[in-house]
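Here are some points on the fold and on a few individual residues, set down for a colleague who will work from the coordinates. Please read them beside the sequence and the structure.

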Amino acid sequence: MSDTRTADLAAIQEVLAASYQAWAAGDADAMVADYTADATAVLPGSLRDGREAVRESMAEGFAGPLKSTSTWNRTLGVRFLGRDAAVVVSESGILFGGATEVPEQDKVHATWVLEKREGRWLIAAYHNSPVHAPAH
């Protein structure tokens with residue numbers, strides 16, 4: 001891997017780590033600090049269109065059902081799309097009530113799309129889906 005790609009990979013990992021830390025702090029503003037203004041977040045049953053919509057949704061969550069939660073995250077892969085875009089695939093879950101493990105049925109696979117704008121890596125899109133689809 002080139003020195004540039006090594007630096008890009010480290011910067012992307014820092015962006016994701018900052019997002020996870022902001023979640024643990026319950027800080028919606030910090031959570032979206034590395035999102036593009038036009039970022040989207042697609043989760044089962046919802047579309048959050050724009051950084052402000054993501055921030056508002058996270059603020060509501062942190063004031064309610066996500067209060068005092070953190071997340072568990074494991075990067076499964078990173079691939080670069082040209083010089084200024086990357087896709088990260090991760091496995092994640094929410095840790096409630098001081099839990100240290102996420103039950104298998106509550107884990108999600110997430111896709112993060114990052115874009116390098118003016119030398120800075122930013123989250124342009126996020127999507128997650130349950131690891132294990134519910135039985136019908």
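In what order do the six strands form the open sheet? The points below begin with that, bearing in mind that this is a predicted model.

1. The sheet. The strands are arranged in the order E2-E1-E6-E5-E4-E3, giving an open sheet of six strands in which the pairing is mixed. Strand E2 (46-49) and E3 are the edge strands, each of them pairing on one side only, and from one strand to the next the twist averages 15°. As background, strands of a sheet pair through backbone hydrogen bonds, and they may do so in either a parallel or an antiparallel manner.

2. The E5 and E6 pair. These two strands run antiparallel and are joined by ten bridges; within this part of the sheet, Leu114 stands opposite Ile123, a residue of E6.

3. Helices on the sheet. Helix H1, which comprises residues 3-25, packs on the sheet and touches E3, strand E4 (85-95), E5 and E6, and its direction makes about 160° with that of E3. H3 also packs on the sheet, where it touches strand E1 (35-43) and E2, and the angle between its direction and that of E1 is about 55°.

4. When neighbours within four places in sequence are left aside, the residues in contact with Ser90 are Arg74, Thr75, Leu76, Val108, His109, Ala110 and Trp112.

5. Backbone at Ser68. Most residues other than glycine have a negative phi, and with that in mind Ser68 deserves a look, for it has a positive phi of about 65° although it is not a glycine. Ser68 lies in the loop that runs between helix H3 (51-63) and strand E3 (70-80), and it counts as exposed because its relative accessibility is 65%, which is over the 50% cut-off.

6. Backbone at Glu118. Here too the residue is not a glycine, and Glu118 has a positive phi of about 50°. Where is the place of Glu118? Glu118 is found in the loop between strand E5 (108-117) and strand E6 (120-130), and, with a relative accessible area of 87%, Glu118 is exposed.

Conventions: Residues numbered from 1 in each chain as written. Predicted model: local features only at pLDDT ≥ 70, side-chain atom pairs only at ≥ 80, totals over all residues. Heavy atoms only, no water. Helix = DSSP H or I, 4+ residues; strand = E, 2+ residues; numbered from the N terminus. Buried < 20%, exposed > 50% of the residue type's maximum accessible area, 1.4 Å probe, protein only. Pairing = 2+ DSSP bridges. Axes fitted to C-alpha atoms, helices over the stretch in contact; angles between N-to-C directions. Contact = heavy atoms within 4.5 Å.
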